[in-house]
Amino acid sequence: MGAKPRSLSGIKPTGTPHLGNYLGMIKPAIQMQQTHETFYFIADYHALTSTHDPNQLRENAYDLTAIFAALGMDFENHAFFRQSDIPEVTELTWILSCITPKGLMERAHAFKDAISKKQEVNMGLFSYPVLMACDILIYDSNFVPVGQDQRQHLEITRDLAIRFNHLFGEAFVIPEAIIQKDVATIPGLDGRKMSKSYGNVVPLMAPEKQFRKAIMKITTDSKTVEEPKDPDTCNVFALYKCFSTETDQKELASRYRAGGMGYGEAKQLCFEALNAELREPRENYQNIRKDLPQLDGILESGRDKARAIAMQVTERVRAKVGL
Ligand code: ADP
Ligand code: TRP
């Protein structure tokens, strides 16, 4: 650890991690280990804004730890931890809340969505972006790999960091979002954004049969086998693209356009491409997931690395504001 730029990201332990999470965040995050010092965490404080099932929360946190392990995260040289193991985050959230304009929170997408759906809004959901800003700022993070849907949160984070630095003097590093253009938003089975909250996901670590079944369920238009098809508007092709070489993509695209290939066949090819990449991690996952002492060890060593930095940054901030 040391001279490399720091990459940080978080994922909520709510529901089953899916291909959207994998392509938008987990995969780029793991790839960044080669060039960055990486800090990744389970956003369990954030999950509390919407879940009230303690057992499920604990199990989901282990699922995520096992997923990162199965996908090859190097826990010796990088940190993987629970957000709630770093209590300084909540202290910093209070301090930052005191310079956060209420209007900025009222413009946040998640809050606006909840209001438009007439859902009840708790204070946790309302101040979600402040907590997220602190997650990022408390580790002096340089880069934050996330999906497109998190862009606004990153903008809010930068705004708050700049505002604090301006009011109290330089305390925070200004982070940058890293958003993969090709995979910015992965469509789900029904064509909307793949999301746990829409129940339209392909679960990342599902057993092979279930995984194939999910892919076979992807919605397409109702063109017959003979008809030419448009790869650019097809949800199956959108997924295939993320798991194949350019040559393979071109070949399948021309088969779409030529007609004579049904969506069933396209789905089978899509399944094969995805499965080639995910088969081995899935097997690793089944083994690691059972080993709770190993998972606890990973989380403890991550906590120790992350907390050391969080304590330094919190001290710096306390001094700036006069605490
Ligand atoms: P969900 O929307 O399923 O609840 P999260 O909000 O926990 O997922 O997202 C965790 C990470 O995965 C974030 O970085 C988010 O941007 C990314 N992500 C989630 N869904 C998608 C998607 N459909 N396409 C690309 N990235 C996604
Ligand atoms: N809000 C993110 C999501 O819903 C999860 C998250 C919490 C996060 N804190 C973060 C992501 C800090 C990146 C950095 O997916």
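A polar contact is a pair of N or O atoms within 3.5 Å; within protein, one must be able to donate a hydrogen and the other to accept it, and residues adjacent in sequence count only if both atoms are side-chain atoms. The model is a predicted one, in which local features need pLDDT of at least 70 and side-chain atom pairs count only at pLDDT 80 or more, while totals for chains, interfaces and linings use all residues. Residues are numbered from 1 along each chain as its sequence is written, chains are lettered from A and ligands numbered from 1 in the order in which they are written, and side-chain values use heavy atoms, with hydrogens and water left out.

## Ligands

Around ligand 2 there are 14 residues, of which His 46, Tyr 128, Met 132, Asp 135 and Gln 150 come nearest, a residue being counted if one of its heavy atoms lies within 4 Å. Around ligand 1 there are 19 residues, and the nearest are His 18, Gly 147, Asp 149, Ile 186 and Lys 196.

| Ligand atom | Protein atom | Distance |
|---|---|---|
| Ligand 2, nitrogen | Tyr 128, side-chain N or O | 2.7 Å |
| Ligand 2, nitrogen | Asp 135, polar side-chain atom | 2.7 Å |
| Ligand 2, nitrogen | Gln 150, side-chain N or O | 3.0 Å |
| Ligand 1, oxygen | His 18, polar side-chain atom | 2.7 Å |
| Ligand 1, oxygen | Ser 195, side-chain N or O | 3.1 Å |
| Ligand 1, oxygen | Lys 196, polar backbone atom | 2.8 Å |

Taken alone, ligand 1 exposes 540 Å², of which the protein buries 94%, these accessible areas coming from the Shrake-Rupley method with a 1.4 Å probe.

## Pockets

A pocket is an open set of points, on a 1 Å grid over the protein atoms alone, where a 1.4 Å probe fits and which has protein on both sides within 12 Å along at least five of seven lines; its lining residues have an atom within 4 Å of a point. The largest pocket holds about 1,500 Å³ of space, and of its 48 lining residues Lys 12, Asp 149, Gln 150, Lys 193 and Ser 197 lie nearest its centre. Among the elements that give two or more residues to this lining are strand 1 (6–11), helix 1 (19–31) and helix 9 (151–168). By class, the lining of the largest pocket has 18 nonpolar, 22 polar and 8 charged residues.

The second largest pocket has a volume of about 440 Å³, and the closest to its centre of the 21 residues that line it are Asp 182, Val 183, Ala 238, Lys 241 and Cys 242. Its lining draws at least three residues from each of domain 1 (6–185 + 292–321) and domain 2 (205–285).

How values were computed:
Grid points are joined across faces, edges and corners, and a volume is the space filled by probe spheres set on the points. Helices (H or I, at least four residues) and strands (E, at least two) are DSSP runs, numbered from the N terminus. Ala, Val, Leu, Ile, Met, Phe, Trp, Tyr, Cys and Pro count as nonpolar, Asp, Glu, Lys and Arg as charged, and the others, Gly among them, as polar. Domain bounds come from an automatic or database domain assignment.
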